[in-house]
Amino acid sequence: MADQQLNLNNIDEDASANNVTAFFTRTGKSQLSKFDKLVMFAGSSTDDLKSSIWSDMPKGGSSSNYAEDKLIKRIDKSTELEAIVQAIKDIDPTLKKIFVSYYISNNFHNTMWTDVCMILGYERTQANLMMWRAKVSFAYRYSYHEELPIKTFLVENAPNIVRTNPVQFPYTLRTSS
């Protein structure tokens, strides 16, 4: 895919939104999302990202005691995190509110979606549509980053394939190399 450009007229937006969901959803015993793990690998925390203004990038801690290869990995993860945060910053402010409140700030951990909608002041149908639009907007805004492990969240339509299950996002964090 490195030599290919995505055909933006042929994007499966539902599958793309599913990729975003898979990346930001907290799962497993640790209740950490892939996004949370990236933030930790970058030497930051989600507290750094909770600002409603989103005016500054999170800053990593001191690396004076780390070996050069660990420092390079941290810089790579910070660059990746910067691209993700910038894509979130660029989402329409109304859509960004619901996206950040639900996925980044974790204000609604273990809260039913119906209750989240009510707290935010939206009907469930309206909130569902807003969240879907926020995810698709994020996927387009992140677009294609050849130099980063996450190339894109966008999924091209495949002819004659009916999607019945959510797309599994092929992202893994490498802890050692």
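In this predicted model, the axes of helix α1 and helix α2 (residues 34-41) come within 5 Å and cross at roughly 55°. The two helices are therefore oblique to each other.

**Helices α1 and α2**

- On the α1 side, the contact involves Ala22, Phe23 and Phe24, which meet Lys34, Phe35 and Leu38 of α2.
- Sorted by class, this contact of α1 with α2 comprises 5 nonpolar residues, no polar residues and 1 charged residue.
- Phenylalanine 23 belongs to helix α1, which covers residues 13-24.
- With a relative accessible area of 0%, phenylalanine 23 is buried, because buried means under 20%.
- The C-alpha atom of phenylalanine 23 is separated by 9.1 Å from that of phenylalanine 153, although the two residues are 130 residues apart along the chain.

**The loop between α1 and α2**

- Glutamine 31 is located in the loop that lies between α1 and α2.
- The phi of glutamine 31 is positive, at about 55°, although this residue is not a glycine.
- Glutamine 31 has a relative accessibility of 31% and therefore counts as partly exposed, a class that runs between 20% and 50%.

**Helices α4 and α5**

- Two packed helices are described by the angle between their axes and the distance between the axes.
- For helix α4 (residues 93-104) and helix α5 (residues 113-120), the axes come within 12 Å and the crossing angle is roughly 130°.
- Helices α4 and α5 are therefore oblique to each other, and their crossing is right-handed.
- Lys97, Ile98, Ser101 and Tyr102 make the contact from α4, while Trp113, Val116 and Leu120 make it from α5.
- By class, the contact of α4 with α5 has 5 nonpolar residues, 1 polar residue and 1 charged residue.

**Helix α6**

- Helix α6 consists of 19 residues, namely residues 124-142.
- The buried residues of α6 are Ala127, Met130, Met131, Ala134, Lys135, Val136, Ser137, Phe138, Ala139 and Tyr142.
- An α-helix has 3.6 residues a turn, so residues three or four places apart point the same way.
- Serine 143 follows α6 and has a positive phi, near 50°.

Technical notes:
Residues are numbered from 1 along each chain as its sequence is written. This is a predicted model: local features need pLDDT of at least 70, side-chain atom pairs count only at pLDDT 80 or more; totals for chains, interfaces and linings use all residues. Side-chain values use heavy atoms; hydrogens and water are left out. Helices (H or I, at least four residues) and strands (E, at least two) are DSSP runs, numbered from the N terminus. The expected span of a helix is 1.5 Å times one less than its number of residues. Buried means under 20% relative accessible area, exposed over 50%, partly exposed in between (1.4 Å probe, protein chains only). Axes are lines fitted to C-alpha atoms, for helices over the stretch in contact, and angles run from 0 to 180 degrees between N-to-C directions. Angles under 35 degrees count as roughly parallel, over 145 as roughly antiparallel, 65 to 115 as roughly perpendicular and the rest as oblique. A crossing is left-handed if the near helix is turned anticlockwise from the far one by less than a right angle, and right-handed if clockwise. Contact means heavy atoms within 4.5 Å. Ala, Val, Leu, Ile, Met, Phe, Trp, Tyr, Cys and Pro count as nonpolar, Asp, Glu, Lys and Arg as charged, and the others, Gly among them, as polar.
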